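Please look over the report below alongside the model.

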Amino acid sequence: MRVGRGLRGMVSGVVLVLTGTGLLAAGFARAQTKTAAAPVAPKKIAIRAGWLIDGKSDKALQNALILIEGDKIVSVAAGGAPPPDVVELIDLSKATVLPGFIDTHTHVLLQGDVTAEDYDAQLLKQSIPYRAILGARNANIALQHGFTSIRDLETEGAMYADVDIKTAIANGEVPGPRMQVATRAMTPTGMYPLFGYSWELKVPTGVQYVDGVEGARKAVREQVMYGADWIKYYSDRRYHFEADGVLHSMVNFTDEEAKAIVDEAHRLGKKVAAHAIGSDGIAAALRAGVDTVEHGDGLTDAEIDEIAKRGIYWVPTITVGAYVAPGRGGNWIKMVDLEKAAFQKALKKDVKIALGTDAGGFDWKELNQAKEFEYYVQYGMMPMQAIRSGTIVAAELLGWGDKLGTVEAGKWADMVAVSGDPLKDITELQNVKFVMKAGAVYRNDLSK
Ligand SMILES: [Zn+2]
């Protein structure tokens, strides 16, 4: 273990140093440009949208004119001609424009893990640099599918490589969504794979093992030091049904440890996401004071009431559940139905449901993560509600509700467009044909 970790630490160290140099170089170049030439006004462009679902109004707005200056939206109006200083008019007059999509639960460093063998092969046979290359590719797949922001919830053994992918995207080196990242995630020793290898072998672990209250606080500090925007921990494992018909689970951390994780993260201004599938794991996460509950298949009625009352976000990740169930069998198949029932109850109680898919738990190349919208409508949301779940509600979960999630003046210019009407057919969202992030066009199959 020590040898493996030491080597990985060194590799991460080198990457961080290079990134630091790159940042300095970029800053220097910008400073030079500023002194060499007069400041250039941000480029003004306009979008003519046949229909606009702005993420705020209950109905789509017909023939909208959206003005963008630099990376921000400056105005949204019904009809009218663009002002004379607009340098480019993007014609989406036959399309429906929406806010950029947000997936609040992804793993860009994972390529699907239906079975333990799939998972182990990635950690044992792929180097972290190789996984980071695939991660950058996956980030671009997300962007091309209309996801202009993601919260990536742990690297699955790839240490802090999510921070590097986020930095490379933010520096404009590779295309991808805006990212908030959780780095390594946590369980106590022995409660997360890899499992089943000889004790003589030093195999990698999918998370950081953390024990005791002081260990928990130190691990949070360490992950934040290396760039974690969120702290993620695994509240439970071993999901099983008992005679009461409720999905139970084994709780990983003692209450004291889990509370220390949450308290230290909050003290450092970071929020906490808990993987919690069984009712016991969900109850423990709620006792600890987490900000978001991930998966939540076994939510009981009382737990639904509590998360509604406390305004805690639920990220259901239905796509991954439905995808892995046939391959995993057993309880996983029953869990899909159980989660559907919980979803319907949560909807009635106005729980804040933020769209999250667990992309990476399924292969990025195989499934479009926008399928999650389709499940939400199948499970009882109105199409507009499902769209909000993957735009403004998700933006609020990220703490970016004032910057993202709707198409309105003052927000970042993140938008997508589809040919049909997603309010009639939600599967249209799986066929995005135009993507803009921060005022730059990354995909346009519509007007060129
Ligand atoms: Zn996940």
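The sections below take these topics in turn.

## Basis of the model

This is a predicted model, in which local features need pLDDT of at least 70, side-chain atom pairs count only at pLDDT 80 or more, and totals for chains, interfaces and linings use all residues. Residues are numbered from 1 along each chain as its sequence is written, and side-chain values use heavy atoms, with hydrogens and water left out.

## Zinc site

The zinc ion has His105 (NE2), His107 (NE2) and Asp358 (OD) as its protein donors, at 2.1 to 2.2 Å. Donors are N, O and S atoms within 2.8 Å of the metal (3.2 Å for Na, K and Ca); water is not among the atoms, so sites may look incomplete. Along the sequence the donor residues follow the spacing H-x1-H-x250-D.

His105 belongs to strand 5 (residues 101–106) and Asp358 to the loop between strand 16 (352–353) and helix 11 (371–378), so this pair ties together parts 253 residues apart in sequence. Helices (H or I, at least four residues) and strands (E, at least two) are DSSP runs numbered from the N terminus. His105 and Asp358 are both buried, meaning under 20% relative accessible area with a 1.4 Å probe and protein chains only.

Two strands pair if DSSP finds at least two bridges between them.

Four bridges link strand 5 to strand 6 (residues 147–152) in the parallel sense. Phe101 is opposite Phe147 of strand 6.

Seven strands make up an open sheet with mixed pairing, in the order 3-2-1-4-17-18-19. Strand 3 (72–78) and strand 19 (440–444) each have a single partner strand, so one side of each lacks a neighbour in the sheet.

Strand 2 (residues 61–69) and strand 3 run antiparallel and are joined by six bridges. Leu65 is opposite Ala77 in strand 3.

## Largest pocket

Which residues lie nearest the centre of the largest pocket? They are Tyr192, Tyr239, His275, Arg328 and Trp332, out of 41 lining residues. Elements giving two or more residues to this lining include helix 9 (318–328) and helix 10 (331–348). A pocket is an open set of points on a 1 Å grid over the protein atoms alone, where a 1.4 Å probe fits, with protein on both sides within 12 Å along at least five of seven lines; lining residues have an atom within 4 Å of a point.

Methods
Buried < 20%, exposed > 50% of the residue type's maximum accessible area, 1.4 Å probe, protein only.
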